Structure formats: structure tokens, C-alpha cells
Amino acid sequence: MPIDLPRAYAYYRRAAAVGNATGILRSGEMLARGEGTAKDVAAGRALVRSLADKGNVYALASLGDLLSGDDAGPVDIEGAKAAYARAAALGRSDALLSLGDLVGGGRGGKPDFDKAFEFYERAAEVGLPLGQLRVAELTLRGLGTEQDVEHALTTIRSMADTGDVEALTLLGDIYSGTNPAPPFPPDVGLAFGYYKRAADAGNTHALLRLGEMTAHGSGTPRDVETGRNMVRRIADAGNAAALISLGDLLREPESGDVDGAGAVAAYERAADLDEADALVRLGDFYSDGKTVAVNLPKALDYYRQAAARGSIIGAVRAGAMIARGQGTAQDVVAGRAIVKEATESGEGEAHVVMGDLLARGDAGSPDLHAAMQEYAEAASLGWTQGLIRLGDLYREEKLQPSNGRRAADYYRQAARAGDPYGLLILGTALSQSLLRNAGRAPEGIVALREAETMGLKDAVIPLADAMIYGMGTKRDAKGAAALLERAASDGNIAAARHLISYYRDGRRYGRATFFKADMERARQLFAEVSSRLSRGDRIVEEMLFSAATSQRDLKSVAVRMQELSAEQRQSLIRMMRTTHPNAYIYLAQYRLKEVGFYSGPLNGTLTGRTTRAVNRYCASKSMRNACRFGPMSSQVGDMLAYAF
């Protein structure tokens with residue numbers, strides 16, 4: 001039968017009118033959520049509470065759901081905990097799972113994994129399979145208990161072998177890398193198989209993941225239309241998560257022809273279903289430059305809407321934009337305060353962003369000690385980006401003397417926690433001899449190979465660079481190009497772009513040429529890969545071609561940069577610093593003139609006036625230490641990138 005919520009509500013109301021407890025409970029839930037009737041949170045909660053106050057365990061569990069959910073009025077986490085605790089005490093053992101989810105998910109404060117593990121363990125002891133599964137998941141991640149990967153996987157697999165759908169789905173998440181994974185390489189083929197078994201048993205999340213993997217060609221032959229249609233069928237049924245996934249697929253060039261309007265429509269429909277993450281996605285749509293020209297005021301508005309609906313990520317992104325003056329007048333104090341408040345939720349991303357605001361100089365005076373505390377807190381919550389950021393601080397020497405050993409140690413910690421980017425950065429830095437007393441160049445190659453085996457396709461890029469320059473391995477320019485060719489043919493877009501840069505810009509150091517430029521071949525490669533690039537990345541490549549062929553086009557490059565996201569502008573500036581130094585200086589002059597630090601001609605020549613302007617800019621950001629290396633250094637390059 002088709003769903004008919006108004007009719008269902010009418011029947012429940014008739015049952016409630018004659019005192020039926022289930023009728024009272026169901027009509028109260030629907031009234032609080034506005035399902036089949038006009039939404040009235042207070043009246044709906046009051047009906048459910050009238051039963052809960054009499055010790056009805058079903059009503060107590062339902063009241064906990066209404067008080068902790070985002071779809072039934074203001075959240076009251078303490079009230080929800082009290083309701084669940086009373087339900088559990090009266091024998092409703094699945095309320096223990098709800099308590100574990102509340103405290104472990106950081107609802108109403110920082111996550112308490114020790115307490116969550118205790119609740120899940122109690123649920124497991126009374127025979128709840130989901131309690132057993134949650135215990136295994138936390139054991140796998142080493143949260144709230146000692147990490148034991150093999151024991152955890154054995155438990156989850158044994159449950160999956162009995163056909164437990166939640167266990168099958170969790171294994172799919174683990175082996176696909178969706179779930180924070182243990183330190184072993186992902187196996188997308190294995191993940192696809194687990195998802196398939198769970199989907200066949202009716203699990204919607206698993207079916208959604210199958211559609212996404214089919215569209216991406218991950219663990220199965222790539223079939224964009226079939227994958228998108230699988231996701232669309234779930235979305236058409238009103239599933240908010242599927243609508244967001246559909247929007248993502250429609251705006252990814254890797255997933256077929258881009259349909260920006262369709263993506264926005266999917267996100268908006270999800271937002272109409274009270275899904276705050278959809279508003280975050282809409283903010284991303286207008287801020288990342290991948291699909292349309294950047295519109296920062298519009299992006300900020302969506303992030304603020306998401307924050308108003310309780311989204312921590314929405315608040316974090318809105319606060320960061322306010323602190324940096326993106327899409328609004330800069331207000332460092334207000335922006336930092338918003339992000340700082342978000343860190344109280346225990347959201348790891350909030351701590352990383354707060355650390356960035358305190359460390360980079362683009363959102364107020366740096367406070368290195370406070371930044372390091374934020375990164376460390378993110379790491380303690382399982383966010384390996386915190387470890388990588390700490391390593392970067394010790395490696396980059398912007399705010400303090402470099403310490404290669406400390407940097408390498410943080411990168412290794414990230415790798416041990418299952419993040420291959422730790423190995424990527426460690427291997428790249430070692431191969432380029434950037435970490436003093438931390439290892440030799442050949443050890444960097446070993447680390448990069450290990451990152452590659454952990455499933456990180458980007459590792460092929462520093463490996464090719466090492467071959468070009470003979471860093472830690474034999475010099476072999478043809479081998480480097482062939483390595484990138486193979487990766488590009490397998491769909492690695494980053495490798496394809498790097499190969500284009502080889503042929504467009506060549507590779508030189510001083511008077512030595514390591515790879516000869518071939519503009520015709522570069523344009524041919526760009527034509528082959530262009531349709532698979534996002535709008536913003538395609539513009540970046542076009543700008544780099546302009547810089548490589550004519551200095552007369554640099555003004556148009558500078559003007560067009562406004563169409564790009566902050567990340568894309570920074571990427572462009574950093575690449576030009578090493579491949580087109582004069583274009584890099586021109587863009588620096590252009591931007592520094594815009595913000596009032598440079599008054600000379602725009603000629604792309606590194607004059608004393610230009611150097612003094614750069615130094616004044618660094619001083620204004622309290623980053624004098626970075627500028628002591630000179631305008632062409634990587635430290636100053638990063639500083640100027642933030643200026644854009």
C-alpha cells in the first residue's frame with residue numbers, strides 16, 4: 001500500500017481518543033514531527049511525555065528520540081539522556097544503545113568514548129547484536145578501550161557470516177575507507193561485496209553506497225548512469241542522504257556529465273526535509289568553484305542557515321569565513337568565537353579549523369601555542385589531520401625553527417592511525433631532503449611506496465618527481481612520464497594534471513634541464529582530460545597555459561582569479577611560484593596593490609619595492625619569520641597564497 005501519513009495520523013488520533021496507549025504515542029510522535037498533520041512540537045511531546053511519566057518504556061525511548069533528534073523541535077540532550085536512562089532501568093535494553101550513541105557522538109559536549117563503550121558493552125551483555133557490533137567498532141578504532149584490530153575484525157566478520165546486515169554494512173564502510181579505517185590498505189572489491197550482501201537484505205545505506213561505487217567505478221566496472229539511477233531511486237522515495245549523494249554525483253565530472261541545476265535541486269529537496277547537511281552542501285556549491293563561479297556571500301548565507309539548524313560544520317565554515325572576511329566584512333573576533341564554540345561539541349573538524357585560524361595569519365594574529373593545542377585536541381578525537389597539521393608546523397618553519405624529527409614523528413603517527421597522507425607528506429619531504437635528521441631520501445621513496453599500497457593514488461606524483469630529479473632513486477625522466485601516463489590512463493586525474501605540467505612547463509633547476517617542455521603534447525593531454533576536470537580546475541589549467549605562453553595575458557589571469565575558490569587560487573599561486581616566477585611576482589604585485597601594500601608597476605619583476613611590499617604584508621599578518629626566507633621561498637609563497 002502507498003504511504004498515506006494524514007490517514008495514518010487520523011487513525012492514531014481515533015485510537016488515542018479512546019485511551020489506547022499506542023495511539024497516543026504514535027499521534028504524539030507524528031504531531032511533534034509534523035508528519036501527516038501540522039507540526040506542533042510542544043503538543044506532540046506533551047502526549048508522549050504523558051505516557052513516559054507513567055513509566056511506559058516505549059514512550060520513554062520515544063521521548064529520548066524526540067528530545068535528541070533534529071526533526072522535532074529544540075534539542076534537549078540532558079532530557080534525552082534522562083529518558084533513555086529511565087527506559088534502560090525499566091528493561092528497555094536498546095535504550096543503552098541510544099545512550100552510547102549520544103555520549104559517543106558528542107551530542108551536547110565532547111565525545112566520551114569511555115562512557116559510550118560502557119553503554120555498548122552493557123547492551124552486548126544483555127544480548128543485543130548491535131551492542132556487540134558497536135563494541136567491536138570502538139575496539140577497532142581504539143576509542144574507549146584498547147585497540148585490537150584483529151579481534152575486532154574477527155567479531156564483525158563472524159556476525160556478518162550469520163547475515164547480520166549491520167555487520168555487513170560496517171565491513172563495507174571499513175574496507176571502502178568510508179569508516180575511519182585500521183592501518184591496512186582499503187579493498188574496494190571486498191567492500192563492494194559486503195555492501196551487495198547487505199543491500200540484498202534490504203539495507204538502504206548499503207544500496208546507496210553500491211550506487212555511488214558503480215558511478216565511480218570503485219570495486220566494480222564504472223557505469224555512471226546505472227549508478228546514478230540506483231541513487232536516484234532511493235532519493236525519489238524522499239531519502240535525504242540519497243538526495244545529498246545524488247547532488248554530489250551530479251556535480252562531479254568524474255561521475256559523468258555535470259548537472260549543476262540538478263545538484264542544487266537535489267540539495268534543496270534534502271534541505272526541505274530538514275537535513276542541515278544539505279545546506280552545508282549548498283554552501284560548498286557556491287564556495288568551492290567546482291561547478292559555478294564562486295559566490296561567497298551566497299555560500300556564507302547557506303552555512304549560516306545550516307548552523308541555525310544545528311549543523312556544527314555549518315557553524316565552523318561560517319565562522320571561518322567571517323574571521324577571514326570572505327563574503328562579508330572581516331571580523332576576526334566574532335569568526336574565531338563561532339568556531340571556538342563549535343569545538344565544544346567535540347567535532348574534530350572544528351578543532352582543525354580553529355587551529356588554522358590561529359596559525360596561518362589570514363584570520364588575525366597567529367597564536368602558535370593555542371593552534372597546537374587545537375590540533376592536538378583534534379588528534380585525540382581521532383582526526384589525523386590534527387597530527388598532520390602539527391607535523392606541518394614543525395616542517396614549514398613559518399612561526400618557529402623547523403624540527404625534522406618532530407615533524408616526521410607526527411606524520412608517522414598519522415600513518416599508524418590509518419591515514420596514508422601522513423606517509424605521503426613524510427615520503428615527499430624525505431625524498432626532497434626537507435626534514436633534517438629525520439631520514440634519508442631513499443627512505444622517503446619507501447614511505448611513498450607504502451602510501452601507494454595503502455590506496456593513496458596521489459603518491460604517484462612525488463614518486464614521479466623523485467625520478468625526474470634523482471631524489472632517493474635513479475634519475476629517469478622517461479620513466480617518470482611513463483609512470484604518470486599509466487596512472488592517468490587508470491583514471492587518476494591528479495596524475496594527468498601533473499603530467500600536463502611536465503610537458504607545459506618542463507622541469508629545470510638552475511641551468512640544468514631535467515624534462516624538456518613540449519607545449520603541443522601538453523595541449524593534447526589537456527584536451528583529453530578537460531571534460532573530467534571540475535570547472536575551477538579547468539580554469540586553473542587554462543590560466544597556467546596563459547602564463548606559460550604570454551606575459552600579456554597576466555592581467556586577465558589576475559582578474560579571472562575571482563571566479564576561483566580560495567583553495568584553487570592558492571594552488572595556482574603555489575604552482576606559478578616554481579614554474580612561472582615572473583607570473584607569480586606579477587600576481588603578487590597585483591594583489592598587494594589591491595590591498596594597499598604595493599604602489600609600483602605591474603611588471604612581474606622582483607624589485608626592491610616588491611620585496612619591501614611583501615615584507616610589509618608579512619608584518620601586517622604577524623608572520624615576519626616567514627618572510628626572512630625571501631619572496632621566492634615556499635614560506636612566502638604560502639603567505640601570498642592566503643592573500644588571495
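Student: Is Ser 433 buried or exposed?
Tutor: Ser 433 counts as exposed, because its relative accessibility is 58%. Exposed means over 50% relative accessible area, buried means under 20%, and partly exposed lies in between, with a 1.4 Å probe and protein chains only. The model is a predicted one, in which local features need pLDDT of at least 70 and side-chain atom pairs count only at pLDDT 80 or more, while totals for chains, interfaces and linings use all residues. Residues are numbered from 1 along each chain as its sequence is written, and side-chain values use heavy atoms, with hydrogens and water left out.

Student: Where is Ser 433 found?
Tutor: Ser 433 sits in the loop between α24 (420-431) and α25 (441-453). Helices here are DSSP runs (H or I, at least four residues), numbered from the N terminus.

Student: What is the phi of Ser 433?
Tutor: Ser 433 is not a glycine, yet its phi is positive, at about 55°. Most residues other than glycine have a negative phi.

Student: What about Asp 274, which also has a positive phi?
Tutor: The phi of Asp 274 is about 70°, and Asp 274 is not a glycine either. Asp 274 belongs to the loop between α15 (260-272) and α16 (276-287). With a relative accessible area of 38%, Asp 274 is partly exposed.

Student: Changing topic: at what angle do α12 and α14 pack?
Tutor: The angle between α12 (residues 204-216) and α14 (residues 240-250) is about 5°, and their axes are 11 Å apart. The two helices are therefore roughly parallel to each other. Axes are lines fitted to C-alpha atoms, for helices over the stretch in contact, and angles run from 0 to 180 degrees between N-to-C directions. Angles under 35 degrees count as roughly parallel, over 145 as roughly antiparallel, 65 to 115 as roughly perpendicular and the rest as oblique.

Student: Which residues make that contact?
Tutor: On α12 they are Leu 208, Glu 212, Ala 215 and His 216, and on α14 they are Ala 241, Ala 242, Ser 245 and Leu 249. Contact means heavy atoms within 4.5 Å. By class, the contact of α12 with α14 has five nonpolar, two polar and one charged residues. For these classes, Ala, Val, Leu, Ile, Met, Phe, Trp, Tyr, Cys and Pro count as nonpolar, Asp, Glu, Lys and Arg as charged, and the others, Gly among them, as polar.

Student: On to α20: how many of its residues are buried?
Tutor: Helix α20 is mostly covered, with 12 of its 12 residues buried. Among them are Glu 349, His 351, Met 354 and Asp 356.

Student: Which helices do they pack against?
Tutor: The buried residues of α20 pack against α18 (312-324), α19 (332-343), α21 (368-380) and α22 (384-396).

Student: What is the reach of α20, and what lies at its ends?
Tutor: Helix α20 (residues 348-359) reaches 17 Å from its first C-alpha to its last, close to the 16 Å expected at 1.5 Å a residue. The expected span is 1.5 Å times one less than the number of residues. At the start of α20, a side-chain oxygen of Glu 347 comes to within 3.3 Å of the backbone nitrogen of Glu 349. Just after α20, Gly 361 has a positive phi of about 85°.

Student: Which residue caps the N-terminal end of α28?
Tutor: Asn 492 does, with a side-chain oxygen 3.2 Å from the backbone nitrogen of Ala 494. Just after α28, Gly 506 takes a positive phi of about 70°.

Student: Last one: where does Tyr 411 lie, and what does it touch?
Tutor: Tyr 411 lies in helix α23 (residues 404-416) and is buried, with a relative accessible area of 0%. Not counting residues up to four places away in sequence, Tyr 411 touches Ile 388, Gly 391, Asp 392, Arg 395, Gly 422, Leu 423, Ile 425 and Leu 426.

Notes:
Polar contact = N/O pair within 3.5 Å; in protein donor to acceptor, adjacent residues only side chain to side chain.
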